[in-house]
Amino acid sequence: MTASEGYTRQIKRRRRALVAMTVATLLFALLSLFFGRYPKPGFFLPFGWRSDALMRSILFNVRLPRIALSLLAGSMLSASGYAFQMLFSNPLVEPGFLGVSQGSAFGAALMIVLGAGSTAAVQASATVFGLLALVASYVLARRFRFGGWLLRLVLSGIAVSAIFSSALATVKLVAEPTKDLQDITFWMMGGLWNASWRQLFSILWIVLLCQAIIISQRWKLNLLSLGEKTSFSVGINPKRDRTILLVVATVGTTLVISITGLIGWVGLITPHLARKMFGSESSFSLPASMVIGAFFLLSSDTIGRTLLPTEIPIGLVTSLFGAAIFIIILSLKHQGGKA
Amino acid sequence: MKKRLLIPILLLCTTLLVAQGVRDGAGTRHMQSAIDANGRTLLLDGPVGDLLIAGKAGNMPANALFLFPEVEGMHLTLPKTDQGLGDFFSLIRSELDQQSRLSQTASVEEIAARGADLVLMKATHYESIAKKLDQLGVKNFTMSLETWDEWQAEIVQLGALLSNPDRAAEILSLYRTRLDLIEQRAAQIAGNEQKRVLLLQADRTDNTTSYKIAPDGWMQTWMVETSGAVPVWKGANKAAAGWSTVSFEQIAAWDPDLIVLISYSTPTASYLYGIYNSPLWADLRAVKEGAVVASPHDLMNYIQPVASWILGLQWLAKTTYPDRYADIDMTAEVERFYREFYSISDESIITTLTDAYSRSISDNRR
C-alpha cells in the first residue's frame with residue numbers, strides 16, 4: 001500500500017468515524033427526549049402522547065428546545081475552545097483561561113444589577129466585556145517582560161480573570177440579595193432550565209454563523225498554530241485572520257453563556273478528546289470537537305434535569321465529568337510516554 | 001497608739017467592703033440577662049436606648065423587636081428592610097423614612113463606630129459580625145426566627161432582654177390562639193381528603209421565569225403541613241440550604257391540587273398573569289381548575305418567617321380548605337393582627353396595610 005493510498009484510507013476512516021459520531025449524538029438527542037421527570041423520573045416512552053396534551057407540551061416546548069440549546073451551546077463552546085487552543089498554540093487555553101468567561105459574567109451581572117430588563121441588553125453587555133477581557137489578556141501578554149509567549153499569555157489570562165472575578169464579587173456584594181444575587185448566582189453555575197424556543201432563536205443565527213466561519217477557516221487554524229512567521233510565509237495575514245477568528249469565537253461563546261450562564265470545561269476538554277481521536281489537523285478534529293462538545297453538554301444536561309427533583313446546575317455536572325475526563329486523558333498520555 | 005488606730009481602720013474597711021457588696025448586689029438585681037440564638041448569655045445593665053440592627057435579612061429581627069412597646073423609646077439604626085414591596089417600619093415609624101439606612105454589608109468597624117447600646121442581627125451573621133463585635137466589646141444579640149419553635153424561644157429571650165417578659169408572653173399567646181384554631185381543624189382532615197399543595201417562589205431572571213421550592217426544614221414547608229395539606233415537594237430539597245429550582249415537568253409530575261406562588265420582591269400577581277396566559281402551563285390540572293394563586297402580602301409577603309407568618313398560615317388554610325375555614329375573615333384578621341401585635345391605632349396605616357393585602361390577592365380565581 002502506497003503512502004497516498006494509506007492517507008486516503010485514513011481520511012475515509014476518519015470521515016466514517018465523524019459521521020458515526022454525529023449520527024450517534026443525534027440519536028442520543030432523540031433518546032434524551034424521553035428522559036425527564038414527567039410522568040415519572042427516568043426514561044419513559046410516552047406512547048399516549050397524542051392524547052396527553054401536557055405530555056405533548058413537555059416534549060415539544062420544554063425538552064426539545066432544551067436539547068437543541070444544549071447541542072448548539074456545546075458545539076459552540078467546543079469550537080471556541082478549539083480555536084483558542086490552536087490560535088495560541090496552547091492546549092490549556094479556552095475562553096475561560098483568557099478571562100472571556102469571567103468578563104462576560106461580569107458584564108451580565110452588571111447589567112442585572114443596573115436593572116436592565118431585556119435579554120438583548122444583558123447579552124450585549126456580556127459580549128462587550130467578554131471581548132474586552134480578551135483584548136486585555138492579549139495586550140498584557142505582549143507587554144509582559146517575563147517568559148515565552150505562551151507563559152505570558154497564560155499569566156495575563158490569570159490576571160485578567162482575577163480582575164473580572166474581583167469585579168464580579170464586588171457586584172455581588174452590592175446586589176439585592178433576594179433578587180439580583182440569585183440571578184448572578186445562576187450565571188455563575190450555569191443552567192438550561194429556562195431554555196425556550198424564544199431564547200434559542202435569539203442566539204441561533206449568530207451562533208450558527210460563528211460556527212460556520214470557524215469551520216470554513218479551519219485550514220487557517222492549522223497554519224496559525226505554527227506561529228506568526230510560518231503562517232505569514234505561506235501567504236496568509238496572521239494578524240488579521242487571528243483577530244477575526246478570536247472575535248468570532250468570543251462572540252459565539254459570550255452569546256451562548258449569556259443564555260446558559262458559565263459552563264466550564266466543555267471548551268477545554270473536548271478539543272483534547274477530538275485531537276486524540278482524529279489527530280491535530282483541524283479538518284476532522286474541529287468538527288469532531290464540536291460533535292463531542294454537543295454530546296458532552298447534552299448528556300450533562302440530561303443528567304442534571306433527570307437525576308433529582310430539583311435542577312442540578314449544569315456547570316457542576318460538566319466540571320465533575322470534565323475534570324474526570326481530563327485526569328484520564330493526562331494519565332493515558334503519561335502511560336504512552338512511558339511506553 | 002498604733003493599736004488604737006488599727007481598730008477604727010479595720011472597722012472602716014469592713015464597712016466599705018459590705019457597702020460595696022450591697023451596691024453590687026443591687027446592680028445584679030437590675031441586670032437583664034438573655035440567651036441568644038447562638039447560645040450566648042448577654043447581660044445588660046440598663047434599658048436599651050440606642051439599638052442597631054446589622055446585616056442582611058435585618059427585617060426579621062426588626063419584626064420581632066417592633067412587637068415590643070420598648071422600641072418606641074429607642075433610637076434606632078436599621079439596615080435596608082424594604083424587600084421590594086415597601087418599607088413597613090417606615091410606615092409605622094415615619095422618622096425612619098428620613099434616616100439613611102445602614103448598609104447590609106457594613107463592616108464591623110462601621111457598626112462599632114455607631115456606638116449603639118446593643119446590636120441585633122440574624123444568627124447567620126454570628127461568624128462574620130457577632131464574634132468580631134465581641135472582640136471589640138460591643139454588646140450584641142443574635143436571633144434565628146426561622147421556625148415557630150425558634151419564634152417561641154426567641155420572643156421570650158427578647159422579652160427578657162427588654163425587661164418585658166409579660167409582653168413576650170402576651171405575643172406568644174396571640175400567636176397560640178390563632179395557631180390552635182388552625183391545628184384543631186387541620187387535625188380533623190382525613191388523609192384522603194388532604195389537598196396536595198405546591199409552594200413555588202417565582203423569580204424572573206432576564207425576562208424568563210424560574211420556579212423554586214423551599215427546603216423541608218423551612219417555615220414555608222411547615223406552614224403547608226400545619227394548614228392540613230401535603231407539601232408535594234417535601235423530600236425533594238432536603239439537602240439544600242436555600243431555594244432550589246425545579247423544572248416545569250417536575251411540577252407537572254407532582255400534579256398538585258393547589259399551586260401558591262410567592263415573590264418577596266415584586267407583587268406576586270404579575271407571575272399569575274404569566275402562568276394563566278402561557279400555552280405551556282395551560283394543560284396543567286391546577287391551571288385548568290383555577291388553582292394557581294398568588295400569595296398574600298402587604299408591605300411584606302406573609303409566607304415567610306416574619307411576624308405576619310401567622311396571617312400567611314391562616315390564609316393558606318382558608319385558601320386550601322375554603323369550607324372548613326369559612327368563618328375566617330382574612331381582611332378582619334389582617335386588621336386585628338396589626339392592632340394586637342404592633343399596637344397600631346392609626347387608621348390610615350391600617351387602611352394602607354389592608355388595602356395592600358386585598359390588592360395582592362385580587363387576581364386569584366379562588
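Predicted model: local features only at pLDDT ≥ 70, side-chain atom pairs only at ≥ 80, totals over all residues.

Colleague: Where is A:Pro39 found, then?

Modeller: A:Pro39 sits in the loop between β1 (35–36) and β2 (42–43) of chain A.

Colleague: What makes the bond that joins A:Tyr38 and A:Pro39 a cis peptide bond?

Modeller: Its omega is about 0°, and that is the cis peptide bond joining A:Tyr38 and A:Pro39. Most peptide bonds are trans.

Colleague: Staying in chain A, why are α2(A) and α11(A) called roughly perpendicular?

Modeller: Helix α2 (residues 53–87) and helix α11 (residues 266–278) of chain A pack at an angle of about 75°, with their axes 7 Å apart. Angles of 65 to 115 degrees count as roughly perpendicular, and therefore α2(A) and α11(A) get that label. From α2(A), the contact includes A:Gly74, A:Leu77 and A:Ser78, and from α11(A) it includes A:Val266 and A:Pro271. The residues of this contact of α2(A) with α11(A) divide into 5 nonpolar, 7 polar and no charged.

Colleague: On to chain B. What does its secondary structure come to?

Modeller: Chain B has 15 helices and 12 strands. Of its 366 residues, 41% count as buried, and its C-alpha atoms fill a box of roughly 110 × 45 × 45 Å along the principal axes.

Colleague: What does the domain assignment of chain B give?

Modeller: That assignment gives domain 1 (32–164) and domain 2 (190–360). The centres of the two domains of chain B are 28 Å apart, taken over C-alpha atoms. They do touch: 19 residues of domain 1 of chain B are in contact with 18 residues of domain 2 of chain B. On the domain 1 side, α2(B) gives the most, with 4 residues. By class, that side has 11 nonpolar, 6 polar and 2 charged residues.

Colleague: How do you know that α13(B) is largely enclosed by the rest of the structure?

Modeller: A residue is buried if 20 or more other C-beta atoms lie within 10 Å of its own. In α13(B), 12 of the 12 residues are buried, so this helix is largely enclosed by the rest of the structure. Among them are B:Trp309, B:Trp315 and B:Lys318. Helix α13 (residues 309–320) of chain B reaches 16 Å from its first C-alpha to its last, close to the 16 Å expected at 1.5 Å a residue.

Colleague: And why are α13(B) and α14(B) called roughly antiparallel?

Modeller: The axes of α13(B) and helix α14 (residues 330–341) of chain B cross at roughly 170° and come within 11 Å. Angles over 145 degrees count as roughly antiparallel, and therefore α13(B) and α14(B) are described that way. The contact is made by B:Leu311, B:Gln314, B:Trp315 and B:Lys318 of α13(B) and B:Met330, B:Glu333, B:Val334 and B:Phe337 of α14(B).

Colleague: Which buried residues does α8(B) have?

Modeller: They are B:Ala168, B:Ile171, B:Ile182 and B:Ala186. These pack against α7 (148–161), α9 (219–226), α13 and α14 of chain B. Helix α8 (residues 165–187) of chain B has 23 residues and reaches 31 Å, close to the 33 Å expected.

Colleague: Now the loops. Why does B:Ser263 count as buried?

Modeller: The cut-off is 20 or more C-beta atoms within 10 Å. B:Ser263 counts as buried because it has 25 C-beta neighbours inside 10 Å. B:Ser263 lies in the loop between β11 (258–262) and α11 (269–276) of chain B. Leaving aside neighbours within four places in sequence, its contacts are B:Gln201, B:Ala202, B:Thr268 and B:Tyr271.

Colleague: Why does B:Asp255 count as partly exposed?

Modeller: Buried needs 20 or more neighbours and exposed needs 12 or fewer, with partly exposed in between. B:Asp255 has 15 C-beta neighbours inside 10 Å, so it counts as partly exposed. B:Asp255 also has a positive phi of about 45° although it is not a glycine. Most residues other than glycine have a negative phi.

Colleague: What phi does B:Leu145 have?

Modeller: B:Leu145 has a positive phi too, of about 55°, and is not a glycine. With 24 C-beta neighbours inside 10 Å, B:Leu145 counts as buried. Its place is in the loop between β6 (140–143) and α7 of chain B.

Definitions and conventions: Residues numbered from 1 in each chain as written. Chains lettered and ligands numbered in written order. Domains from an automatic or database assignment. Contact = placed C-beta atoms within 7 Å. Helix = DSSP H or I, 4+ residues; strand = E, 2+ residues; numbered from the N terminus. Nonpolar A, V, L, I, M, F, W, Y, C, P; charged D, E, K, R; others polar. Expected span 1.5 Å × (residues − 1). Axes fitted to C-alpha atoms, helices over the stretch in contact; angles between N-to-C directions. Parallel < 35°, antiparallel > 145°, perpendicular 65-115°, else oblique.
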